[in-house]
Amino acid sequence: MDARLLQEDWLSRLGPHATAVLAFLSIAADGEGASFYLRETMAMKIGLDRRELDRCLERLLELELVALRPWSAGRADGVWQVLPMPRR
């Protein structure tokens with residue numbers, strides 16, 4: 001994880017739940033930054049309900065900290081990619 005998360009106040013912008021989701025995706029990622037966990041599994045392992053997890057993932061997508069490649073059209077699950085920190 002990039003130290004700019006702390007230095008550039010990203011943590012306060014994300015809030016504790018989205019920060020936990022980003023940490024989970026970073027820990028679970030393979031060498032290319034990709035994670036293959038289902039949303040239900042992520043929610044269970046992090047201790048969030050599914051709606052809160054979905055809000056956190058949407059926030060991370062909006063801020064371009066992660067990307068999603070769905071398994072197929074219309075699917076909520078797929079490959080989550082942790083992205084390099086955007087430049088401010």
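In what sense do strand 2 and strand 3 pair, and over how many bridges? Strand 2 and strand 3 pair in the antiparallel sense, over five bridges. Two strands count as paired if DSSP finds at least two bridges between them.

Hi everyone, a quick word on the ground rules. This is a predicted model, where local features need pLDDT of at least 70 and side-chain atom pairs count only at pLDDT 80 or more, while totals for chains, interfaces and linings use all residues. Residues are numbered from 1 along each chain as its sequence is written, and side-chain values use heavy atoms, with hydrogens and water left out. When I say helix or strand, I mean DSSP runs numbered from the N terminus: H or I over at least four residues for helices, E over at least two for strands.

Three strands make up an open sheet in the order 1-3-2, with antiparallel pairing. Strand 1 (34–35) and strand 2 (66–70) are at the edges with a single partner strand each, so one side of each has no neighbour in the sheet. Strand 1 is joined to strand 3 (residues 78–82) by two bridges. If you want to find the pairs on screen, look for Ala34 opposite Gln81 in strand 3, and for Arg69 opposite Val79 in strand 3.

What packs on this sheet, touching strand 2 and strand 3? That is helix 4 (residues 50–62), whose direction makes about 110 degrees with that of strand 2. Axes here are lines fitted to C-alpha atoms, for helices over the stretch in contact, and angles run from 0 to 180 degrees between N-to-C directions.

Helix 4 also packs with helix 3 (residues 39–46), at an angle of about 105 degrees and with the axes 9 Å apart. That makes helix 3 roughly perpendicular to helix 4; the label covers 65 to 115 degrees, against under 35 for roughly parallel, over 145 for roughly antiparallel, and oblique for the rest.

Is Arg39 buried or exposed? Arg39 counts as buried, at 6% relative accessibility. Buried means under 20% relative accessible area, exposed over 50%, and partly exposed in between, using a 1.4 Å probe and protein chains only. Among the residues that Arg39 touches are Asp54, Leu68, Asp77 and Trp80, leaving out residues up to four places away in sequence. Touching, or contact, means heavy atoms within 4.5 Å.

Now to helix 2 (residues 10–28). A straight helix of 19 residues would span 27 Å at 1.5 Å a residue, yet helix 2 spans only 20 Å between its end C-alpha atoms. The expected span is 1.5 Å times one less than the number of residues. Helix 2 has a kink of about 95 degrees, centred on Pro16. The bend at a residue is the angle between axes fitted to the seven residues ending there and the seven starting there. Buried residues of helix 2 include Trp10, Leu14 and Leu22.

Those three are also touched by Leu5, which lies in helix 1 (residues 4–7). Leu5 is buried too, with a relative accessible area of 6%.

Last stop: Glu64, in the loop between helix 4 and strand 2. Glu64 counts as exposed at 52% relative accessibility, and its phi is near 60 degrees, a positive value in a residue other than glycine.
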